[in-house]
Amino acid sequence: MKISLWPELTPVQRAALMSLPSDGVIPVVMDSDTYNEIDDQIAIAWAYLHPERIDLQAIYAAPFTNHFFGEGNSHTYVDNPAVGMELSFDEIHRVFEKLPHRQPLPAIFKGSTRYLTKSDEIEISPAVEDLITRARAATQTLQVLCIGAPTNVANALLTAPDIIHKIHVIWLGGNSYDWKNNQEFNLMQDVFASRILFDSGAALTQIPCFGVANCMATSVPELQFYLSNTSRFGNYIAEIAPRCPWIGFASRKVIWDITTVGYVLNPEWFTCQYLAAPLVNDNLNWSFDNRRHQIRVVKFIERDDLFKDLFRKIIDADKE
């Protein structure tokens, strides 16, 4: 997809936007389909529990649908993206009801009610308006952690392409480039929006799902062993984890979404490459053209380092 309105970033400008300071507090917003699983809740809580590193300014409710998994294969059957967004908006509020309020709470905004299909069908939701306003006012790079279909982010980029100069998107989406297929939930829900991330020239760090982030696996017994009878939020996760029907006998649950937070906390936990932004074909497979701008692609994650920090933060969440 070639859209002439995209601002041009030089390689130096893009690299600067993708660079995270080694210390200090970093401005962050999160875009999340929070009600879809249990990993979004954990990612949001982990980010909020690190105020010395993350200034969590806003959270945007993203649309989602899970009907293609079939009835009974998800905790709540959702076949309308607007319903998924509303459920996520309510779940974000529930997460913060379980967390201590030692610093200001992030603003919470409703996002898109439909997926993108054309660049002239932009939906300017409260989330999109806030992302544009916040990015334009940012005095340092705004880190946009996208852990769902990138509909809200794509709508913002299409509405205000100039924010490309102010943001770095860290997106969990798509599968690794050598995986057997690219049938990945976040990408396939909104293919048009996913293409916007790769085609806009925005500073982008991609964390592929299968082939990379699927190493972030835990289990119901592990979650309950570490989190039961700890903090209010820990108890909440231990309580709702068994309700996920996709965690069956001898199966594990991948806590995908914490990878974006982990990258902001400590990029040294990640092994990355700089590659030409891929193209998403109509069959969802990747194509490559080395003349395209570069993005950062995560290749490997030190799983245990993330989980050790995550569990400790949740266990100690209510301690003064």
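## Q41 and its surroundings

In this predicted model, a polar atom of the side chain of Q41 lies 3.4 Å from the backbone oxygen of T34. Q41 has its place in helix α2, which spans residues 39-48, and with a relative accessible area of 2% Q41 is buried, since the cut-off for burial is under 20%.

When residues up to four places away in sequence are not counted, Q41 touches T34, E91, V95, F233, I237 and I240.

## The nonpolar cores

The largest nonpolar core holds 61 residues, of which M30, L56, F96, I258, V261 and I301 touch the most other members. Helix α2 supplies the largest share of this core, with 7 residues. Apart from this core lies another one of 45 residues, including M18, V144, Y177 and V280.

V261, one of the residues that touch the most other members of the largest core, is in contact with M30, A43, W46, A47, I54 and L145, once its neighbours within four places in sequence are left aside. Of these partners, M30 is likewise listed among the residues of that core that touch the most other members.

## Cysteines

A disulfide is a covalent bond between the sulfur atoms of two cysteines. A search of the whole structure finds 0 disulfides. C215 is in no disulfide, and the nearest cysteine sulfur, which belongs to C209, is 11 Å away, whereas the cut-off for a disulfide is a pair of sulfur atoms within 2.5 Å. C215 is partly exposed, with a relative accessible area of 31%.

C272 is also in no disulfide, and for this residue the nearest cysteine sulfur is that of C215, 12 Å away. With a relative accessibility of 26%, C272 counts as partly exposed.

R243 is found in the loop between α9 and β8, the latter being residues 253-254. With a relative accessible area of 52%, R243 is exposed, because the cut-off for that class is over 50%. R243 and H75 are 168 residues apart in sequence, while their C-alpha atoms are 6.7 Å apart in space.

Terms used. Residues are numbered from 1 along each chain as its sequence is written. This is a predicted model: local features need pLDDT of at least 70, side-chain atom pairs count only at pLDDT 80 or more; totals for chains, interfaces and linings use all residues. Side-chain values use heavy atoms; hydrogens and water are left out. Helices (H or I, at least four residues) and strands (E, at least two) are DSSP runs, numbered from the N terminus. Buried means under 20% relative accessible area, exposed over 50%, partly exposed in between (1.4 Å probe, protein chains only). A polar contact is a pair of N or O atoms within 3.5 Å; within protein, one must be able to donate a hydrogen and the other to accept it, and residues adjacent in sequence count only if both atoms are side-chain atoms. Contact means heavy atoms within 4.5 Å. A nonpolar core is a set of buried Ala, Val, Leu, Ile, Met, Phe, Trp, Tyr and Cys residues joined through side-chain atoms within 4.5 Å.
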